[in-house]
Amino acid sequence: MLKHIVMWKLKEHAEGGDRLVNAAKMKSMLDACANLVPGILKFEAALAQPGLEATYDVILYSEFTDKAALDAYQEHPDHVAIKPFFGAVRDQRQCMDYEV
């Protein structure tokens, strides 16, 4: 199994929205990707809780059967289509993939 974790810190304003609006839009876009390809075992997008200290605004925690399933997800046209918005609104991005 391969775990794929991504975190985004967002710009205060970008693409006509503030940080909170863009975070909600990102979560919605990620949620729509939850069943794009076979081999997705878990796919959970979440927003930082208000009032709690957080260094990032949006997180994706996902599990895939193997690297081939993750690669299929990464290359799926619906996933590729959300990348420009994510790139435009993010200030920072961290990603880690690891096998268990």
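Visitor: Where is Asp57 found?
Guide: Asp57 is found in the loop between E4 and E5. Strands (E, at least two residues) and helices (H or I, at least four residues) are DSSP runs, numbered from the N terminus. This is a predicted model, in which local features need pLDDT of at least 70, side-chain atom pairs count only at pLDDT 80 or more, and totals for chains, interfaces and linings use all residues. Residues are numbered from 1 along each chain as its sequence is written, and side-chain values use heavy atoms, with hydrogens and water left out.

Visitor: Is Asp57 buried or exposed?
Guide: Start with the cut-offs: buried means under 20% relative accessible area, exposed over 50%, and partly exposed in between, with a 1.4 Å probe and protein chains only. Asp57 has 12% relative accessibility, so it counts as buried. Gly51 also has its place in the loop between E4 and E5, but Gly51 is exposed, with a relative accessible area of 84%.

Visitor: Which residues does Asp57 touch?
Guide: Contact means heavy atoms within 4.5 Å. Not counting residues up to four places away in sequence, Asp57 touches Trp8, Lys9, Leu10, Arg19, Ala46, Leu47 and Ala48.

Visitor: Which residues does Arg90 touch, leaving out residues up to four places away in sequence?
Guide: Arg90 is found in strand E6, and touches Trp8, Lys9, Leu10 and Lys11. Sequence separation and spatial separation are two things to read side by side. Arg90 and Lys11 are 79 residues apart along the chain, while their C-alpha atoms are separated by 5.6 Å. Arg90 has a relative accessible area of 34%, so it is partly exposed.

Visitor: What about Asp91: where does it lie?
Guide: Asp91 lies in strand E6. With 47% relative accessibility, Asp91 counts as partly exposed. Its contacts, again not counting residues up to four places away in sequence, are Lys9, Leu10 and Lys11.

Visitor: How should I read the span of helix H1?
Guide: The expected span of a helix is 1.5 Å times one less than its number of residues. H1 (residues 19–31) has 13 residues and reaches 18 Å from its first C-alpha to its last, close to the 18 Å expected.

Visitor: Which residues of H1 are buried?
Guide: An α-helix has 3.6 residues a turn, so residues three or four places apart point the same way. In H1 the buried residues are Asn22, Ala23, Met26 and Leu30. They fall within an arc of 105 degrees when seen down the axis of H1, so they line one face of the helix. The arc is that of the directions from the helix axis to the C-beta atoms. Take Asn22: its relative accessibility is 3%, so it counts as buried. Leaving aside neighbours within four places in sequence, Asn22 is in contact with Leu10, Ala14, Gly17, Phe85 and Val89.

Visitor: Which residues of H2 are buried?
Guide: Ala69, Leu70 and Tyr73 are the buried residues of H2. Down the axis of H2 they fall within an arc of 100 degrees, so they line one face of the helix. Lys67, Ala68 and Glu75, on the other side of H2, are exposed. The cover over the buried residues of H2 includes E1, H1, E4, E5, H3 and E6.

Visitor: At what angle do the axes of H2 and H3 cross?
Guide: Two packed helices are described by the angle between their axes and the distance between the axes. Axes are lines fitted to C-alpha atoms, for helices over the stretch in contact, and angles run from 0 to 180 degrees between N-to-C directions. The axes of H2 (residues 67–75) and H3 (residues 77–89) come within 5 Å and cross at roughly 55 degrees. H2 and H3 are therefore oblique to each other; angles under 35 degrees count as roughly parallel, over 145 as roughly antiparallel, 65 to 115 as roughly perpendicular and the rest as oblique. Tyr73, Gln74 and Glu75 in H2 meet Pro77, His79, Val80 and Lys83 in H3.

Visitor: What is the phi of Glu15?
Guide: Most residues other than glycine have a negative phi. Glu15 is not a glycine, yet has a positive phi of about 50 degrees. Glu15 is found in the loop between E2 and E3.
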